[in-house]
Amino acid sequence: MDALLGTCDPAELARRKSYKWRTFPPDVLPAFVAEMDFTVAEPIAEAVRDALAIGDTGYPHIGELGEAFAAFAATRLGWEPNPEWVFAVPDVMTGIIEVLTAITPHGSGVVISPPVYGPFALRIGLAGRRVVEAPLRRRDDGGYELDPDVLDRALASPGVSAYLLCSPHNPLGVVWTREQLHAIADLCARHDVALLVDEIHAPLTLPGASFVSFATLDHEMAGRAYVFTSASKGWNIPGMKCAVAVVGSAAAADLLRERGNALLASHLGLLGSVAAFRRGLDWLDAVVAQIDHNRVLLGRLLAQLLPDVGYIPAQASFLSWLDCRSLGLADPAGVFLERGRVAVSSGTDFGTQGAGFVRLNIGTSPDLVTEAVRRMASAVSAPRP
């Protein structure tokens, strides 16, 4: 591993007090929630240390975030947002729900495309909106794609007011093409629904894939969409509570300004995010290279130890979607935890379409990826009670 990322020493990781490391007993290897195990990027740590040294722990000011993100987006995402239309929010989901609450009627439908990030459905329901599903289509090779006809019917459902798109997709790791995004834009424009896009995994696009921000489309919906992203996944700082919402119109910018006090990010998160976008690119490159290595390693390990598990390497991020249906287990995640002492996410966390699947976090060292698969294999081969 690159020295920038640390060693992922299990004894050191066990000292952490985050959700990943405190949810299960010490003998369980956690590979579920989307936290990576790497050492925090030094520019981020330095920014936080400097702030603490002078007592700079007050309320947030957006400061240089707009300019820092715009510069990062231009060099790494092929996108040139207006820095003045970049807003700080505490996290992507909070920003999404605040906007949905502002622009859609109570009780209206919001379309999502499962299997997809579980909090989409949860938070939409808590906000008093209805979830309307437009499931992704599974190809013969085991991959997934958008089904335009299914999406068209969902958007045409009575009372639907918005579509929430995950791009790149979690948990599948799919990077949507410009053509696919354009098809989505056409359908949203035809049905006159709002479009919100979660692009949080974009900085972790892996070699062989080309990320396209929805905001770069030559389409009227590009200027109408609300795009959300963050340094939290790319630089592993979700606990710092800062994300960005980016808009393409003055009216949308006014809407976010009016809700500024409802969307306060963490001050230290703002400082850390600016440091990430401006000075953390070497660290990000090291992470992308490591995840690329790990996804290939995972394929080899599964072929050797769990050949009945289906796996298509992700195009983005450190989350791997595994098809365990051939193992004959009603609850594969539960079996891996109970018999193998490794915690993965159950596929049903991402919708009913995920039954028989699990999501495995490979944002760690090759040794711990190997140990996770070894434990999963041992759970399958262990005598059943």
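**View 1. Strands E7 and E8 run in parallel, joined over 5 bridges.** Strand E8 covers residues 194–198. Strands here are DSSP runs of E with at least two residues, helices are runs of H or I with at least four, and both are numbered from the N terminus. Two strands pair if DSSP finds at least two bridges between them. Look for leucine 165, whose bridge partner in E8 is valine 197. This is a predicted model, in which local features need pLDDT of at least 70, side-chain atom pairs count only at pLDDT 80 or more, and totals for chains, interfaces and linings use all residues. Residues are numbered from 1 along each chain as its sequence is written, and side-chain values use heavy atoms, leaving out hydrogens and water.

**View 2. Strand E3 also pairs with E7 in the parallel sense.**

**View 3. Is strand E7 mostly covered or uncovered?** E7 (residues 160–166) is mostly covered, with 7 of its 7 residues buried. Buried means under 20% relative accessible area, exposed over 50%, and partly exposed in between, using a 1.4 Å probe and protein chains only.

**View 4. Stepping back, the strands belong to a chain with 14 helices and 15 strands.** Across the 385 residues of the protein chain, 56% count as buried. Along its principal axes, the C-alpha trace spans about 60 × 55 × 35 Å.
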